[in-house]
Amino acid sequence: MNGFGRAVVRLRIPILIIAVLLLIPSAIGYLNTRTNYDILTYLPKEIETMKGQEILADDFGTGAFSMIVVEGMDEKDIKSMAEKIDQVEHVRKVLWYGSLMDISIPVELLPDKYAKVLKNGDATLMIAIYDSTMSSDATMKAIEDIRKITDERTYISGMSALIVDTKNLSDKEVPIYVVIASVLCLIVLSITMDSFLIPLFFLLSIGFAVIYNLGSNFIQGEISYLTKALAAVLQLAVTMDYSIFLWHSYCDQKKTHEDKKEAMAVAINDTLSSVVGSSITTVAGFVALMFMSYTMGLDMGIVMAKGVIIGVICCVTLLPSLILICDKAITKTSHRALLPNFSGISKWIVNHFYIALILFAVLIVPAYYGQSHNEVYYNLDTGLPEDLACIVANEKLQEKFEMNSTHMVMMDSNINSKEVNKFTDEVKKVDGVKAVVGIDSLLGPLFPRDMIPKNLASVLDNGEYQLIFILSEYRVATDEVNSQCDAINEILDRYDTKGMLIGEAPCTQDLIKITDRDFKVVNWVSILMVGAIILVVFRSVTLPVLLVAVIEFAIFINMGIPYYTDTTLPFIASIVIGTIQLGSTVDYAILMTTKYKNARNAGLMKKEAVTSALTNSMSSIIVSALSFFAATIGVGLYSKIDIISSLCTLMARGAIISMFVVILLLPAVLRVFDPIIIHTSMGFRGVKKGQKQQVERQGEVL
């Protein structure tokens, strides 16, 4: 028996005990890993908007604010509520017209343009400024506390409120994701496997691996909510194959080994060699995400690559231990697998290979065009339920005050009031600017700066920088607001070359530019890495190109469908889906090509070799793809967070499309390019003249 396999078999009880004990530190690590719900914080730290956010936090002691709309409340109650909000922990100051003058003085005494901004009919606008950053735990707690002391007439909008609602919705849904994925996988495995009980052990083993992976994220300190939501589901989807490989190998070995322990030891050895090769391409796909400038890719890449490695370890240690310990129970629940024999289908596909080539020729252009012309959205509230408190508040802000976003300008405090007023006058003329609110701009030349309350002045000017709010009619991530930000930056550069425009809209504008570059980088890195792995595995010049091209065709179809169905995707989907689909489904092509190589080396001619490869790999490919589909489609249909729903739907659909493309197109590719493959690959012997009868006899055996 192999040394490693023998050790696992001998130590199966200690392995199981250690596996259970490791759940304790993993659970502790998981509970102490912070979840980041603000995807803008993953922008590169060196860009101006992020530097501005850092200065805002360090020098102003803030970085977050909320626009609060109060509707149908009289001035006395508004003042009382403002005072209560002011007392909430981590609320630094509440700005409203009562902050500038006594509420007994009519608001009409304010300049007309500001009166309409601060009060419109029965609606009053407040700005709550916090002493912590946009997505900090302190800010989120402050918003929750404000909601507790206000009633249904108060609407809290802004990025921080959106983060709070995203957190609450995500935390509620994530456990359900795991249940849905597990149940659907169990159904698929119960149908496609030859035992009703073995799928439970697959899920148990992978469950341990998921907990270890999530617990080890403690080393990173925090992970994004998106990574946390997808980690368990995606790890289940991409590592299920390894458990299936082990089980099939164990069943095969039991036919030739009377001792089940010896059979398992050999199966562990066989599985380890095949799974390591299979997992490398999957890991490579996730590693490619780490090359993104937008560091959520690094976050997701580390967690998922680590999850695949942990999944492999559990597959060859924990799962064999569970199977051996419960072998009798598993045997009692055995049944005939319901998958049919695919030999007839394989022969038909290979004989009619030209159909796949015709379909490829017909689909490649519209598929490529569709995937390169997809519409994506960057506005973070676009994919959230309309009844969320922050979404309702945003709509109320737009309805009552015609405002959709707020920018902040940090200017040098030493710039005199005259120059600041000239700056604000120019900014007010920019299309879509509703109002400009700052110490000098708020009251204008009619009111001296001394009339501003000191506690308010300190919030807007710390002696080094002065803070100016720009209220905009345009929504974040639109062409209009991006043009508006460009125009404001141009004006700002003329008055203060070191001044900074910050806020959700400028950050999102940077996000658009950066992720557009990341899309190209990640795609090419994943293609080159996977291609290099195939080159090493097959020692072939042509196979890396052919196999990657087949899967890329499947990716084009998958990503082209949204264009033709008029579906707008979250920006992150267009970046990560290609590399995930390539890394996790290229294994289908590698499996079939390996069997094709073995058949060719056994002396079969190209047609017979391709038929044999397809027949012997089709069942594994179908089970793998269906497992991937089951693990992700339920989450895609259930989740109310569109960024998660879209990613899971695309992954589920991608697995099925890759399955069909590999089964239908790859045999045609291998058959057509067989002469080139043989002469550009090491280890392919081919068939010599005079061997035809021998080949035909071997073909019957295989």
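In this briefing, Ala, Val, Leu, Ile, Met, Phe, Trp, Tyr, Cys and Pro count as nonpolar, Asp, Glu, Lys and Arg as charged, and the others, Gly among them, as polar. The structure above is a predicted model, where local features need pLDDT of at least 70 and side-chain atom pairs count only at pLDDT 80 or more, while totals for chains, interfaces and linings use all residues. Residues are numbered from 1 along each chain as its sequence is written, and side-chain values use heavy atoms, with hydrogens and water left out.

**The second largest pocket**

- This pocket holds about 830 Å³ of space; a pocket is an open set of points on a 1 Å grid over the protein atoms alone where a 1.4 Å probe fits, with protein on both sides within 12 Å along at least five of seven lines.
- Its lining (residues with an atom within 4 Å of a point) has 30 residues, and Gln371, Ser372, Phe519, Asn523 and Ser574 are the closest to the centre.
- Sorted by class, the lining has 15 nonpolar, 11 polar and 4 charged residues.
- Helix H22 (504-538) gives the most, with 7 residues; helices (H or I, at least four residues) and strands (E, at least two) are DSSP runs, numbered from the N terminus.

**The largest pocket**

- Here the space comes to about 1,200 Å³.
- Of its 38 lining residues, Phe245, Leu591, Lys595, Asn616 and Ser620 are the closest to the centre.
- Helices H10 (225-254), H11 (260-289), H24 (571-601) and H25 (606-638) each give two or more residues to the lining, with the largest share, 9 residues, coming from H10.
- By class, you will find 15 nonpolar, 16 polar and 7 charged residues in this lining.

**A look at His407**

- His407 sits in strand S9 (residues 405-412).
- His407 counts as buried because its relative accessibility is 0%; buried means under 20% relative accessible area, with a 1.4 Å probe and protein chains only.
- The side chains of His407 and Gln484 are joined by a polar contact of 2.8 Å, a pair of N or O atoms within 3.5 Å, where one must be able to donate a hydrogen and the other to accept it.
- Not counting residues up to four places away in sequence, His407 touches several residues (heavy atoms within 4.5 Å), among them Ile468, Val481 and Pro506.

**A look at Ser224**

- Ser224 belongs to strand S7 (residues 222-224) and is buried, at 0% relative accessibility.
- A polar contact of 2.9 Å links the side chains of Ser224 and Thr227.
- Leaving aside neighbours within four places in sequence, Ser224 is in contact with Thr35, Asn36, Tyr42, Met296 and Asp299.

Terms used: Grid points are joined across faces, edges and corners, and a volume is the space filled by probe spheres set on the points. Buried means under 20% relative accessible area, exposed over 50%, partly exposed in between (1.4 Å probe, protein chains only).
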